Amino acid sequence: EATLNDEIVAPLIGSVTPYGNSRRVLLRAGENTLVLSVDPLRASPRVAARLCAPDRSPLDGVSTLRPALDATVEPLRDGLPDTQALSTWHLYNDLTNRPRRMRLPELSTEAWERWRARFAERLGELLGPTEPLPAAVTVLSEEDLGPMVRQRLWFDAGPYRAFPAWALLPRERNGAAVLALHGHSYRFGETIGLDGGDPAQAEVIRHANYTYGLQLAERGYVVIAPELRGFGARRDDERFRRDPCDTNYLRLLEFGVNLVALQAQDLRTAVSYAVSEHGVAGRLGVLGLSYGGRMTMYLAALDERVACAVASGCLDTFRERLTIDRCCGAQLVPGLLPDADTPELFGLIAPRPLLIELGTNDDTSPEIYATEIYSEIERIYEAAGARDRLDIDVFESGHRFSGRKAFDWLDKWLLGE
């Protein structure tokens with residue numbers, strides 16, 4: 001339950017659901033005490049809380065809460081002088097509440113230019129090489145679908161640097177191309193409408209409005225849909241093991257290899273192919289949902305050949321996701337969080353156009369946090385003098401692609417319409 005100044009604002013039973021709740025409360029002048037009580041036999045005692053204004057904007061001085069939390073239910077720490085000092089959770093909680101060192105310091109063009117150069121350099125140091133690789137691209141198969149041709153492509157950039165992709169080539173093209181990036185539920189080519197004959201995947205497509213690659217091709221865009229490491233044909237069948245995203249991240253990390261860097265390098269290699277093969281320099285966009293939205297963020301931040309980006313289902317922070325144990329290793333850059341988080345990564349896309357989609361019932365992007373994150377991104381775009389190149393589509397639904405603004409957004413910035 002939650003109590004504010006000894007008054008219950010959310011009862012213990014039936015009032016709180018995982019991954020995002022909001023309650024209206026009235027603060028009194030001076031000091032206020034908010035107490036969150038969790039039954040550790042029914043739910044994890046690890047919680048995060050945020051206070052914000054009625055319009056969901058942040059409140060200076062009280063936006064971040066630092067809970068005094070006993071995270072063990074066993075009497076193992078009874079009688080010890082400082083139980084929090086024993087807890088890795090409390091260490092993490094202290095670290096995550098420290099200010100980001102590379103948050104944009106002030107709203108001016110000069111400050112933004114300095115910040116952008118410094119943060120881009122720092123991100124490059126953390127990631128290591130992400131430059132696109134020269135790749136031999138082979139068309140493995142081709143199928144005539146009437147208004148378009150579907151190709152299966154093979155990118156060969158050397159050992160452990162090869163990957164497949166789908167391509168949709170409209171008969172009547174509009175002169176632009178989009179990389180359509182998939183999420184965690186990808187298996188067969190769902191972004192271009194393929195379900196492998198599996199009814200479960202057909203339902204995934206319907207529920208998530210997953211066919212945004214196909215929808216783009218129907219509008220005349222050349223679509224390239226690369227398969228990311230750990231998904232589709234690139235997923236190793238290791239049944240009964242832990243989450244493959246975490247497994248791949250940890251295995252590679254011990255050898256100094258970052259999974260995000262490998263994914264970004266593959267995607268940048270696909271960008272090179274789209275630009276050279278289809279002549280879309282200055283008219284290349286990227287769009288993705290969920291993990292695809294996250295990789296849209298990274299790709300657009302790293303590669304200025306991406307002229308426009310649409311990121312869906314990923315308006316959260318790594319701090320918030322790690323706090324509630326809902327973050328996969330395939331999204332993480334070791335050493336990033338002392339300096340920055342997703343607002344800075346999204347902000348690195350400025351001044352190029354960026355549209356973010358947010359479902360109000362998306363448990364991966366709790367609205368109370370997402371609105372505050374968006375305000376941080378908005379702050380960077382304002383400093384860059386590009387506020388008109390940032391927009392958000394807030395829609396009443398869950399973790400899915402909306403498209404309500406996305407297609408017009410791409411048309412506007414890639415086609416000049």
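**Asn 5 sits in the loop between β1 (2-4) and β2 (7-10).** Strands here are DSSP runs of E with at least two residues, helices are runs of H or I with at least four, and both are numbered from the N terminus. The model is predicted: local features need pLDDT of at least 70, side-chain atom pairs need 80 or more, and totals for chains, interfaces and linings use all residues. Residues count from 1 along each chain as its sequence is written, and side-chain values use heavy atoms, without hydrogens or water. Phi of Asn 5 is near 55°, a positive value in a residue other than glycine. Most residues other than glycine have a negative phi. Asn 5 has a relative accessible area of 17%, so it is buried (under 20%; exposed is over 50%, partly exposed in between; 1.4 Å probe, protein chains only).

**Asn 209 lies in the loop between α3 (199-208) and α4 (212-218).** Its phi is positive, about 50°, although Asn 209 is not a glycine. Which side of the burial cut-off does Asn 209 fall on, buried or exposed? At a relative accessible area of 18%, Asn 209 is buried.

**Strand β9 (residues 284-289) is enclosed: six of its six residues are buried.** That is why the strand counts as largely enclosed by the rest of the structure. Leu 284, Val 286 and Gly 288 point one way from β9. Gly 285, Leu 287 and Leu 289 point the other way. Both sets are buried.

**β9 pairs with β7 (residues 177-181) and with β10 (residues 308-312).** Two strands pair if DSSP finds at least two bridges between them. β7 and β9 run in the parallel sense, over five bridges. Ala 177 has Leu 284 of β9 as its bridge partner. β9 and β10 are also parallel, over five bridges. Here Leu 287 stands opposite Val 310 of β10.

**Helix α5 (residues 244-253) carries a run of buried residues.** Cys 245, Asp 246, Thr 247, Asn 248 and Tyr 249 are buried there. Their cover includes α6 (259-278).

**Pro 351 is in the loop between α9 (342-347) and β11 (354-359).** The peptide bond from Ala 350 to Pro 351 is cis. Its omega is near 10°. Most peptide bonds are trans.

**Pro 99 occupies the loop between α1 (88-96) and α2 (109-127).** Its relative accessibility is 68%, so Pro 99 counts as exposed. How many residues separate Pro 99 from Ala 340 in sequence? The pair are 241 residues apart in sequence, yet 8.9 Å apart in space, C-alpha to C-alpha.

**The whole chain comprises eleven helices and twelve strands.** Of its 417 residues, 49% are buried. Among contacts (heavy atoms within 4.5 Å) with a separation of 6 or more, 67% join residues 24 or more positions apart.
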